[in-house]
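Hello,

Here is the structure I wanted to pass on to you. My notes follow below it.

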Amino acid sequence: TLEVATGGAPTSVGVEVPGGSEKEFLVLVSTSSLDTDLDVTARLPAGSEVVASGTTRVRALADTEVVGLLPGALGGRPVPGPTTLAVDAGTARFVGLGPAELDRAPESLYALRTIGLGGDELARQAPAVREGLLRWVETGGRLLIDAAPGAGPVPAVPDAWQPGAGGRSRAGAGEIRLTAGAMAAGRWAGLVEPTSRPTPDDGRRRGFGGPPLGDALAGDAGFRVPELSWLVGFLAVYVVVVGPGLYFLLRRRGRPELAWAVIPLVAVLFAGVSWAGGRGLRTDTQSVHGTVLATGPHGSTAVTWLGFASRGGSSVELRYPSGWVATTSGRDVPQLTALRRVHETPAGPEATLPLDAGQFGLVSARGPSGQPGALVVSARSETDGRATGTIRNETGLALTDAGVMVGPAAVSVGSLEPGEQREWALDIGRWDGGPPAEALLWGPDRFGPDGETGFTNFALFDAAQRSGMIDMERGDAVGLGWTEDYRPPVQASGRTASPEGRTLVVGSSPVLAAGARSTDVSIRRETVRANGGLASMFRFSLPDGRTTDPAKLSLRTAFFPVEVWTGEGWSTVNCTDPRCPQPGQQQFGGSGFVPGFGAAQPVCPPGVVCQGPAVFRGPVGPDAPIADAVLPEGAVRDGVVYVRMNGGLPAFLGDSGLALLEKA
């Protein structure tokens, strides 16, 4: 048995290696998106001894893009060494992908954000591998295909994802880009672009908050804590009965010696009442789940959190379907209970969850959902700040509290029965520190004491954002709905688990430009670099097939100065509004304060964007002025614009007016 551990429960797989030979094995081990340094240990145990072992340390570097290459992209050459990115934002490092990785797609590919392959290599893959690659793209991956733009459809790429004349196309949350033979020729420098990926507290994470996920699921399972007044009253009655109550009663009857027998009987009676009352705080529900179901045309992926209650102490044996990965690291959701072991079998992973008496255990796993259909969203925008479209439920699940989110805005469409479709419309403004989109959709006036309302579970929504299942950047419409009909395909202790719980069903679509110009809503904005809660670099991409005149594009922001990549370097863009302070005018004392959120106070003229050389110090809110800046020459490259902010944009200001738009 080969065991691999990264700090949590070891993941093991049965191995067999003939003497004198060498074999390679792939073991999928879940890691936290918050990990920056990871010690990985592999060992071969034999009883109480370890035959062999090895340890290495891996690091997640924010400025490094790890790119997977299929054999067709290499053209018989060895894997290239590190090279520069297309933007001065880090380094690209390459790894070869073989059958072991591809056969486990998409779960084996989520550590990669970019994959390169030959012009017809996608079509030559086995159907399961091809669907795994497309599902990886749909959930946010960047696929580089070494074909020439305009040479005809790319084999095996869906019609809706075929790159246009510019060689790019949006594909769900991801992108497909044609590299015109650059990989075959070995031209790697500047080929790979920086990508978006979850980081701790970056500009996309602005959740409403609420109770931790474990507490929310324990509440679903019926775990309740008695009111303090009930406990005090119960103890007061007991003290009165066994004290003055029995004393006066037995003295009146002239039998004080009976106290030796009556007091133990009263204690037994109150113990029974206490036991019955405590049992009432634990319902018969033994398991509960909270699941996020990300749907799309190439299958659905489920991330599920399962909670198990134990009255007397036991171990729960879990069996997951083939293709699933059990979570062994709990930093994303700190309340996860440590598994004893995870063992991979041909039928899927097996895990053991030890529970003490009275314990509520929480575990997580991810894999193909087995649920057919999708939550289909269409979105279009004709004018700046407005999007319209439809949302259709093709999942076969009855959805409630459904709605659509675009950036900081959201609209409810009510319930959606299977096959039902609704129209929606949204006015997307600036997010200036007010309620986030989920609060707008499900209503702060409906929040319960446990952070939920109806089917809505805000803790589950927040966990979905942290796991990367929901990404509400501008340029995408995200459809959501809640259901009780879905059950994760997990077996617990030999039987299929049918836990009570809720599932958040998710579907997304790019916002298409419906008119003659690209609106600020149809231009996708992604956070590609973030550090310590500051979103410091953004990527804007024009809608597919658009050949907009770069001179018509402008950057709209309240945060000056900013820098724009021109291909030759970063070019500084200053505010040209005469109301803006001139360089050298420092308006605030201290560092990093934002008016309204800190102690600093502005001393510049009212209504003026205040700026500093390294840290944004401008006013926020609906009255903060926003200026349009002219882009420098060379800023639009293949329909993409990169913007860098000195000091970064605080996470809670992630949508405050920063946009790219095309002037009429």
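This is a predicted model: local features need pLDDT of at least 70, side-chain atom pairs count only at pLDDT 80 or more; totals for chains, interfaces and linings use all residues.

In general, strands of a sheet pair through backbone hydrogen bonds, in either the parallel or the antiparallel sense.

E26 and E29 belong to an open sheet of eight strands. The order is E15-E18-E13-E12-E29-E26-E21-E22, and the pairing is mixed. Which strands stand at the edges? They are E15 (325-326) and E22 (409-416). Each has a single partner strand, so one side of each is left without a neighbour in the sheet.

A helix also packs on this sheet: H4, residues 213-220. H4 touches E12 (287-294), E13 (301-309), E18 (360-368) and E29. The direction of H4 makes about 105° with that of E18.

The chain as a whole

How many helices and strands does the protein chain have? The count is eight helices and 38 strands. The chain has 664 residues, and 50% of them count as buried. Now take the contacts between residues at least 6 apart in sequence: 72% of these join residues at least 24 apart.

Cavities

A probe the size of a water molecule, rolled over the atoms, shows where empty space is left. Here the count is five cavities of 30 Å³ or more.

Backbone points to check

As background, most residues other than glycine have a negative phi, and most peptide bonds are trans. These places depart from that pattern:

- Ala-105 and Pro-106 are joined by a cis peptide bond, with omega about 5°. Pro-106 sits in the loop between helix H2 (99-102) and strand E8 (114-118).
- Ala-180 is not a glycine, yet has a positive phi of about 50°. Ala-180 lies in the loop between E11 and H4.
- Asp-401 is not a glycine either, and its phi is positive at about 50°. Asp-401 is in strand E21, residues 399-406.

Asp-401 has 16%, which is under the 20% cut-off, so Asp-401 counts as buried.

One last residue

Ala-514 lies in the loop between strand E30 (512-513) and strand E31 (524-531). Its relative accessible area is 30%, so Ala-514 is partly exposed. What separates the C-alpha atoms of Ala-514 and Thr-388? The separation is 9.9 Å, with the two residues 126 apart along the chain.

Best wishes

Technical notes. Residues are numbered from 1 along each chain as its sequence is written. Side-chain values use heavy atoms; hydrogens and water are left out. Two strands pair if DSSP finds at least two bridges between them. Helices (H or I, at least four residues) and strands (E, at least two) are DSSP runs, numbered from the N terminus. Contact means heavy atoms within 4.5 Å. Axes are lines fitted to C-alpha atoms, for helices over the stretch in contact, and angles run from 0 to 180 degrees between N-to-C directions. On a 1 Å grid over the protein atoms alone, a cavity is a set of points where a 1.4 Å probe fits but cannot get out, and a pocket is an open set with protein on both sides within 12 Å along at least five of seven lines; lining residues have an atom within 4 Å of a point. Grid points are joined across faces, edges and corners, and a volume is the space filled by probe spheres set on the points. Buried means under 20% relative accessible area, exposed over 50%, partly exposed in between (1.4 Å probe, protein chains only).
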